Amino acid sequence: MSPPRLELPTTDDRLLWDIWQSRWRLPATTVALELGLFRLLADGPLLGDAIGARLGLGPRGTEALLAALTSLGLLVRQGGRFGATDAARQFLLPESPFFWGPMLRGRADQGLHQDLLAALRREAHPEAAPDTREQVQAWAAGQIDDERARATTARMHAHSFPAALGAARTGAFAGVTRLLDVGGGSGCFAIALALRDPAVRCTVLELAPVCRVAEEYVARFGLAARVDTLAANMFADAWPRGYDACFFGNVFHDWDAERRAVLARKAYDALPPGGRIYLYELLLADTRDGPLPAALFSLNMLVNNTGKQLSLDELARLLTGAGFADVRATHSYGHYSLVEARRP
């Protein structure tokens, strides 16, 4: 039986992304109020590093918070310096007669407010506030149970499958015959490619509990003959050879710089000359002050992971540092872009 034909949704999912990420708008603002950010900028713009130092924040937290507030229209970036907008000066300075602080704080989601504040402090002072987030440690060590694997995979599939179908229609995978989908979750990107191109064969490299879930998704689309799984820890275990492309969908943003470099180098080593690497991400601007979807996603990464959203410039330096060449990016679907490079 032939796999079913599946068309893109009649509209993209940006609206749903924006609804989901709207939960970070208020905590970003109330945390900035608690830290005294707007009062700090009342006398004039400051460099991002200076803001971080004055507020006692680490570089990742500083970047994420400033990008979110700039994208929300509360800060403006001018020549590398960040200043308060007129709206922030009018409504977010405690000495203003129009101060909105009591209303914002009174209606804030205290859970997310405290989570974001704790994440900022944890990064800035790891010795005083060590990272005890069990889910982060479990995924990094490759030690997750079936229940967590199933729940996490379902969430990732829900927000990735439309984008996967969009990626498969870009034409960027022309000539790819065997693709290794690293950290591929449900296999949604491999499924989308296999549905689009009957000649391509894909392997989803994932932790064993996730592989078992991915096999169910693959079976739903009748693709078990062309999409298989390989149980492995992408950091600790050897990667298979014989593939002409490695794909990472929403993977690099999860991890710190050291682990991202490990993944880039392992992909380079696994590929033959001419092989390609693909990264599917919501890209920050090279100025790292937006756009809003990527900026808010960076807050999510700060609270829930060890990574951040990345700009094309950052990814290009990472990939060329691992040995890749010809880095380029194209908008793919919704808020997503597809970054690709070639092993010389």
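Which side chain does the side chain of T203 make a polar contact with? The first view has the answer, and a few more views follow. This is a predicted model, in which local features need pLDDT of at least 70, side-chain atom pairs count only at pLDDT 80 or more, and totals for chains, interfaces and linings use all residues. Residues are numbered from 1 along each chain as its sequence is written, and side-chain values use heavy atoms, with hydrogens and water left out.

View 1. The side chain of T203 makes its polar contact with the side chain of Y243, at 2.6 Å. (A polar contact is a pair of N or O atoms within 3.5 Å; within protein, one must be able to donate a hydrogen and the other to accept it, and residues adjacent in sequence count only if both atoms are side-chain atoms.) T203 has 3% relative accessibility, so it counts as buried (buried means under 20% relative accessible area, exposed over 50%, partly exposed in between, with a 1.4 Å probe and protein chains only). Leaving aside residues up to four places away in sequence, T203 touches R178, L179, L180, D181, D228, T229, L230 and Y243; contact here means heavy atoms within 4.5 Å.

**View 2. An open sheet of 7 strands.** Read across, the order is β6-β5-β4-β7-β8-β10-β9, with mixed pairing. Strands (E, at least two residues) and helices (H or I, at least four) are DSSP runs numbered from the N terminus, and two strands pair if DSSP finds at least two bridges between them. At the edges stand β6 (227-231) and β9 (325-333), each with a single partner strand, so one side of each has no neighbour in the sheet. Strand β4 (residues 178-182) runs parallel to β5, joined to it by 5 bridges, and L180 sits opposite T203. β9 and β10 run antiparallel, with 6 bridges; R328 has E340 in β10 as its bridge partner. In the hairpin of β9 and β10, 2 residues lie between the strands, and G334 takes a positive phi near 55 degrees.

**View 3. The largest nonpolar core, with 39 residues.** A nonpolar core is a set of buried Ala, Val, Leu, Ile, Met, Phe, Trp, Tyr and Cys residues joined through side-chain atoms within 4.5 Å. F173, L179, V227, F247, Y278 and Y280 have the most contacts inside this one. α11 gives the largest share, 7 residues. Not counting residues up to four places away in sequence, F173 touches A167, L179, L193, F247, R276, Y278 and L338. Apart from this core lies another, of 38 residues, including L57, L92, L104 and L302.

**View 4. Helix α5 (residues 59-71) crossing α14.** The two axes come within 8 Å and cross at roughly 145 degrees. (Axes are lines fitted to C-alpha atoms, for helices over the stretch in contact, and angles run from 0 to 180 degrees between N-to-C directions.) Among the residues that meet here are A64 and A68 in α5, and A295 and S298 in α14. S298, at 2% relative accessibility, counts as buried. It touches A64, L284, K308 and Q309, again not counting residues up to four places away in sequence.

**View 5. An open sheet of 3 strands.** The order here is β1-β3-β2, and the pairing is antiparallel. β2 and β3 (residues 81-84) pair over 4 bridges, with L75 opposite A84. α5 lies across both β2 and β3, running at about 105 degrees to β2.
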